[in-house]
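Subject: Structure handover

Hello,

Here is the structure for you to look over. My notes follow below it.

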Amino acid sequence: MNALRSVRPSTFVAGGLAWALAVVVLLPLTTAGGLLAAGVLVPAVVMLRAVHRGTAAGPRFRALLLGAALLLTGATGLACAVITLVVPDVTVDGVTVSARLCLISLVLVVLVTLPGLLRPHQHRDPLGRLRVCLDVVGVSACLLLPTWVLIFSDGYLRGPSAIAAFLGAVATATAAVAGVHAIRHRASLRWAGPGAALALTCLTAQVIAADNPANPNSALAAVAAGAAVNVAAWVMWWGSVRVDPDAGPPVPAGGEPAAGFPLFALPVLGSSVAVVARLVHGGDLDATSIALAVIALLAVASREFVSAIALRRHAELLTHHGNRLRSLMFGSSDVAVVLDTGLAVCWQSPAAARLFGLSDQDVLGRPITAHVHRDQAGAVGAFLTGRLHEDRFDLADAPAVSARFRDGFGRWRDTEWTVGGADPAMPGRSIVLHIRDVTDQRELEQALQQASHLDPLTGLANTRGLRRAGPVAADGGALLVLELGGLTAIADVHGSERSAAVLVEAARRVRTRIGDTDVPARVGDARLAVVTRNGAIGAHLLANQLVTALTAPYELDGATAHLQVWAGLSDLCPDTDVDEVLRRAELGLRVARSQPPGGVEWYDEVIEQRLVRRSTLEQDLPTAIDRNEVELLFQPVFELSGRQPVGVDAILSWRHPSLGRLPADELLALAEDLGVLGDLRRWALHRTCRQVAAWRGRYHPLWFSISVRPGELGDEVFHSGLDEVLSAHRLPRSALVVEVSEDDLHQGPESGERLAEHLRRLRMSDVRTAVGHFGAGPTSLSRLRVLPVDVLKVDRTVFSRPESAPAAGAIMDVAVTLGRRLGMDVIADGLSTDDDLATVYATGCRLGKGDLLARPMPAEHVEALIEHSRDTSPS
C-alpha cells in the first residue's frame, strides 16, 4: 500500500487509458463496454476503505452509500461482460439477460444513491422547495424528450428500455438538482451530485444498449457509457472522500444556489437538437413528444416565475429592514453573527475583526461552536438550537449564555451570547447572535472576589476565604486557632502602626512554618487560624511550634515587643462544615485561655457541654428571679447536746428548668461574673431577714448566716444594704453571720490582708463573721489567731474517720480547743453519719449541722422542725 501511494496520479491515468484501449481493441465492443464499467470497482473499494478507516472528509453514510452504488455498477458491468462472452443469445421473454440484469442494477443503484445525496436535509422555505421540484420535473422532461424522439417515437417500445429511460431520467435529474441546489454540505454535493447523475445516465444507456443488441449503435453506446461511468465514479470519490463538505463560502442570505449554474442548458440544448434532427430527416413529432416538450417548457417557465417572486420578496424584505440592521450591526460594540439552521456562520459584523481578530475566511461557512471551548460546545449548541425558531427582537429580555470563545489570535476570551431573533433576510432559517466580550469584567469580578477572600493587612485568607479552602479531604485534618494576646498593649505603648507590624510579622511566621497544602487565615482582630491536613499528632505538634514561634520577641525599630499566645484545635470531619469546625476550635481556645500563655487544647464534647451549660446559665440567670426559679433554703444549725436549732444557714438555690438545681457556690460565682450579684443579694437578704424576724418573734432568738463573695465585702453598696435591710426588719446586727470560704482567704483580688480588713469592719459593726469549709484548704491554725472571725465552720474532711485517717478525732479536738481559746464558736459542718456525730461530740464541739441532722429545706419545713424540737424538748 505504501508503494502504491508513492506512484504519481498521472501514472494511474495512463495505466487506466492503456487498459481501456486494450479492452476495446482486443474484445468485442459489447463485451468491452461491460469490462470498462467494471473499472468502477477500484474507486468503489477506495471509498469503502476510507469509510472503514474513518478518513473520509465528508459524512461516512454518504461515502458508504455511493461506494455501494459503484460496487453494484461495477459488478453488473463485469457480469454483463461475462454473459455476452458465454451466452450472448440467451433471452427471457424476448429480452436479453444482460438487459434485465442492468435494469435490476439501475433500480438498486437509484435506491442506494439518492438517500446519500438527499441527506442531510436542506432547510428551505416553501418557495425554495417548489423551485427544486420544478427543476426536477423540467430536467426529467428534457432528458426523456431526446430519448423518446430518437428511439421510441418510431413505434419501438420495449419494457426494459422504457422503464430504464423513465427511471434514469428522474433519478438523474434528482441527483443533478441535489448537487446544484445544495445549501448544507454544498462543497461536497457539487461534486458528488453531478457525478452520480452522470453514473445514472451511463447505467441507463447500458440498459437500453443491452435491450437492443441488433442496433449497430448499441455497442458504441455501451462502450461510451462504460468509459464515462469511470469518470463519474472518480468524481463521486472526490466529492465524498476528499472534499470538506463545508469548504468554500456559504450561500448568501436569500440567494439562489443554482443561479450561476447552467442547470437547464445541456438538457434543453439536447432536446432541441433531437427535435430538429427528427424534423430535418422528415419525421414528425407524436403526441408524447409534444407533451414532454410542453412539460419541460412549463417547468422552466414556472421555475423562473417562482424565482422572480422569491427575489422580489427578498428585495422588499431587505429594503424594509436594511436601516434597522445597519444600525444594529454596525453601530453596536458587540459582535453580531448570522447563523443558519445548522449553526454555521452566514455573516458577521465588522466588529468581529476589530474586537476578536476574526476574518471572514476564519468564520464563514463553519459552525460557530467550533470556536467554543469543547467543554461548553454541547451546551452552547443546545442553547442556540432551542432558540432557532423564536421570533425575538427584544435584546433586553433575551436569555444569555456564557461561553469561552477563541479569537483569531488563539486566545480564549470570556463572552456572553444573546440571541436577537431571526435574520429578516432568512426568516425561519436563521438566528442573529450577539457576542459580547466580558473578559475584563470577569477578571475584575475575579479580582474583587479574591480581595473579598483575603485579609488586606496580613495577606492571609479571611473567614470567607477559609470557607473557600474546599471540602475536607477523606483523610481528615485539623483546624488551629491562635489567640495573640498583647496587641492592645503594644498599640498603647508603641502605637497602632507597630502593633499592625507585629501582626504582619506574626502572619509571616505562621506562613513560613506550615506545609504547602495548609491554609493560613486571619479570623479575628487578634486571631489566626490554620487548616492543616496533618493528623492529630502532627496538628498538635504544629500548634506547639507555632505558639513557640509567635511568642518569640518582635524587634520594632529599637524596641522589643512580646505576645502571649494560646491555641485551640479541632478535628476536620467530612460531614462538618468549616464554620462548625471553627466554632469547635474556638471552644478549645476558650479552655486554653484559662491556662497560662502557651496553652494548647483540643476540642471535645465534654468541653462543649460545659461551655454550653455555662452559656445557658449566663443567658437565663438575669431573669431567673422574675420566673420564680430562685428559691431560698435554710439548713438549721443544732446544739448537739439537745438537738435544738440555734441558727440557720440561708442558702440560695436555682432550679433551672433544663439543667436542674444549681449549687449555691456556683450560683453566687456566676452572678458575680455577670454583675447581677447585687440584685440577687438584695432579694435574698430581704426574704431571709423577713423570715428570721418572724421566727425570732414566734420562737426563741435564732441567728442566721449568709455566704458572701470576697468582692462584696469591699463594696459600699453591700454594707449600706446590710444596714438598710436589718433596720427594715428590726433585727439586731448580732443576729447576722457573714461567712466567707477558706478558699477566699488565699485566692481572688480580696484575699489576704484586705479580706481581713473587711471582716474586721463587719465585726466592729456587731455583725459576726465566719470562715466556712475550714480544714479543706491550706490555712494554718496559727493564722486563725490574727483573723477577725467569730465562727469557725470545720469541714467534714477534718472529722470524718476513713480507714486511712484514724486520728481524725484528734485533729478535730485540736480545732475545737483552738477555737475556744480564740473565742470562736466551732460548728462541725457536714455531719453525715453517726460516726461523724460521735467523733465531733467526743471532742466537746457543741454545735453542728449536716444532712444527718437536717437537709437544706424551705422555710415551712424549718418551722415544723422547730415546733417538733419544742415539743420533744424536756420541760
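Which charged end sits over the ring of Trp 566? That of Arg 593, 4.3 Å from the ring centre. The criterion: NZ of Lys or CZ of Arg within 6 Å of the ring centre and within 35 degrees of the ring normal. Arg 509 is placed likewise over the face of Tyr 554, at 3.8 Å from the ring centre.

Some ground rules. This is a predicted model, where local features need pLDDT of at least 70 and side-chain atom pairs count only at pLDDT 80 or more, while totals for chains, interfaces and linings use all residues. Residues are numbered from 1 along each chain as its sequence is written, and side-chain values use heavy atoms, leaving out hydrogens and water.

Aromatic pairs next. The whole structure holds 4 of them. One is Trp 234 with Trp 237, an edge-to-face pair with 5.4 Å between centres and 85 degrees between planes. Pairing covers rings of Phe, Tyr and Trp (its six-membered ring) with centres within 6.5 Å; planes under 30 degrees apart are stacked, over 60 edge-to-face, the rest tilted. Both residues belong to helix α10 (residues 216-242); they are 3 residues apart, so about one helical turn separates them. Helices here are DSSP runs (H or I, at least four residues), strands likewise (E, at least two), numbered from the N terminus.

Trp 237 counts as buried at 15%. The cut-offs are under 20% for buried, over 50% for exposed, and partly exposed in between (1.4 Å probe, protein chains only). Trp 191, Trp 234, Trp 237 and Trp 238 make up one aromatic cluster.

Now the backbone. Most residues other than glycine have a negative phi. Arg 730 has a positive one, about 55 degrees. Arg 730 sits in the loop between α26 (716-728) and β19 (736-741), and is exposed at 80%. Asp 766 also has a positive phi, near 75 degrees. Its loop runs between α27 (753-764) and β20 (768-774). Asp 766 is exposed, with 52% relative accessible area.

Last, Leu 865. Helix α31 (residues 859-872) contains it. Leu 865 is partly exposed, at 21%. Leaving aside residues up to four places away in sequence, Leu 865 touches Pro 636, Phe 638 and Ala 854; contact means heavy atoms within 4.5 Å. Gln 644 is 221 residues from Leu 865 along the chain, yet their C-alpha atoms are 9.4 Å apart.

Best regards
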